[in-house]
Structures are given as structure tokens and as C-alpha cells.
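The paragraphs below lead through one structure step by step, starting from a helix and moving on to the sheet beside it. Please keep the sequence and the 3D view at hand while reading.

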Amino acid sequence: MANLQTATFGGGCFWCIDAAFRRVNGVESVQSGYAGGHTDNPTYQMICRGDSGHAEVVQLQFDADIVSFDTLLNMFFTLHDPTQLNRQGNDIGTQYRSVVFYHDQQQQQQTQDCIAQLQSQLSEKIVTEVSPAPEFYPAEHYHQDYYTENPNQGYCSVMIAPKIAKFESHFAANLKH
Ligand code: MHO
């Protein structure tokens with residue numbers, strides 16, 4: 001019996017973390033979407049205007065008997081820079097903020113512990129938002145698994161491909177075969 005749990009992370013453009021988490025053994029599904037803002041049923045166009053307050057996030061279903069939430073956190077903090085406020089590289093705006101939307105008290109505690117541990121190794125301040133999971137709005141169909149579907153798109157080949165290569169070598173033991 002699978003021990004299915006949900007996790008929701010935002011760390012820059014969702015195409016990248018969507019692509020990374022799809023590769024992880026024990027991650028049963030990945031959906032790119034929007035959460036944490038104040039408008040219902042946001043569209044990509046709306047969140048890019050910046051006033052909806054939503055972040056680009058991925059929501060995962062994972063089998064906690066195969067991959068732990070701690071491991072996912074570790075991956076998440078390797079995939080983006082949690083010291084950058086509302087930006088990742090050239091992607092700027094609240095939609096790109098670093099955020100963990102926790103689904104229970106245990107996830108909240110584990111996230112806070114993980115941040116404290118990471119902070120002790122960094123001189124820059126970690127600005128990751130840690131909030132209870134709000135309503136999740138799936139993104140448009142074309143945003144799902146975007147990297148696999150559009151490998152030659154400029155942003156995918158220039159920005160995402162090197163990150164995925166690094167991710168795959170760092171977490172080789174955790175990948176699907
Ligand atoms: N700078 C990228 C980000 C895309 S992402 C879904 C682009 O505009 O293509 O935010």
C-alpha cells in the first residue's frame with residue numbers, strides 16, 4: 001500500500017521544479033499551478049501581471065515510504081536560491097518567490113528545521129515563505145511537463161537543462177530507473 005502524501009513547493013519558474021521532481025523515484029504525480037494569492041482561478045497572464053499574489057508552484061503526490069518529505073525539501077533547496085527575494089536569476093516578481101506550502105504540522109516542523117540547518121551554513125538570509133497550503137489552482141495544460149514537451153525552447157535548453165543535469169548527478173540514487 002502506498003503511503004501517499006502531498007507537497008507543494010514554489011521556487012522560481014515552475015517548469016524547472018516540475019521537470020526535476022518528475023524524475024524522482026516515489027513521486028507519483030506532479031502538477032504545475034498557482035497558489036498563495038488572492039484571486040480565484042488565476043491564469044498565467046494574470047499571475048505574470050504580478051498583482052494576483054500567486055506563486056508558480058508544483059504540487060506533488062509522493063509515496064513517503066519511497067521518498068521522504070525531508071529528501072524532497074533537500075532537493076527543493078538545491079534547485080533554487082532561497083536567499084533571493086521574489087526572484088530567481090532573471091525571473092523577477094512575487095510569482096517566483098521561494099515558498100513551502102505545508103500540508104500538516106509535521107511538514108511545517110520539518111521545513112522549519114531544514115531552513116534552520118541550511119541557514120547555519122549560509123551568510124545570506126533565507127527568505128523562503130512557510131505557510132499552510134492554500135487552494136491550489138492547476139496551471140494551463142501547456143505548462144504541464146513543459147520541459148519534456150519543449151526541450152528546444154530557449155529557456156528550457158539554456159536555463160533548465162543545466163540545472164536538471166546537476167540535479168540528476170546530485171540525486172542519482174533517488175531517480176526513477
Ligand atoms: N522567463 C521565462 C519564465 C517562464 S515561467 C513559466 C519565460 O518567460 O519564458 O515563469
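The buried residues of helix α4 are Gln107, Gln110, Thr111, Cys114 and Ile115, where buried means under 20% relative accessible area, exposed over 50% and partly exposed in between, with a 1.4 Å probe and protein chains only. Seen down the axis of α4, these buried residues fall within an arc of 135 degrees, so they line one face of the helix; the arc is that of the directions from the helix axis to the C-beta atoms. An α-helix has 3.6 residues a turn, so residues three or four places apart point the same way. On the other side of α4, Gln105 and Gln106 are exposed.

This is a predicted model, in which local features need pLDDT of at least 70 and side-chain atom pairs count only at pLDDT 80 or more, while totals for chains, interfaces and linings use all residues. Residues are numbered from 1 along each chain as its sequence is written, and side-chain values use heavy atoms, with hydrogens and water left out. Helices (H or I, at least four residues) and strands (E, at least two) are DSSP runs, numbered from the N terminus.

Helix α4 covers residues 105–119, and because its 15 residues should span 21 Å at 1.5 Å a residue, the 21 Å between its end C-alpha atoms agrees with that expectation; the expected span is 1.5 Å times one less than the number of residues. At the start of α4, a side-chain oxygen of Asp104 comes to within 3.2 Å of the backbone nitrogen of Gln106. The buried residues of α4 pack against β1, β3, α3, β6 and β7, contact meaning heavy atoms within 4.5 Å.

Six strands form an open sheet of mixed pairing, in the order β7-β6-β1-β3-β2-β8, and two strands count as paired if DSSP finds at least two bridges between them. The edge strands, each pairing on one side only, are β7 (129–132) and β8 (136–138). Strand β2 (residues 27–35) is joined to β8 by three bridges, and the two run antiparallel; Ala35 has Phe136 as its bridge partner in β8.

Further along the sheet, β1 and β3 pair in the antiparallel sense over six bridges, with Gln5 standing opposite Phe62 in β3. β1 also pairs with β6 in the antiparallel sense, over three bridges.

Which residue in β6 is the bridge partner of Thr8? That partner is Phe101, and Thr8 itself has its place in strand β1. Thr8 is buried, with a relative accessible area of 3%. Leaving aside neighbours within four places in sequence, the residues in contact with Thr8 are Val57, Val58, Gln59, Val99, Val100, Phe101 and His103. The side chains of Thr8 and Gln59 are joined by a polar contact of 2.9 Å, a polar contact being a pair of N or O atoms within 3.5 Å of which, within protein, one must be able to donate a hydrogen and the other to accept it, residues adjacent in sequence counting only if both atoms are side-chain atoms.
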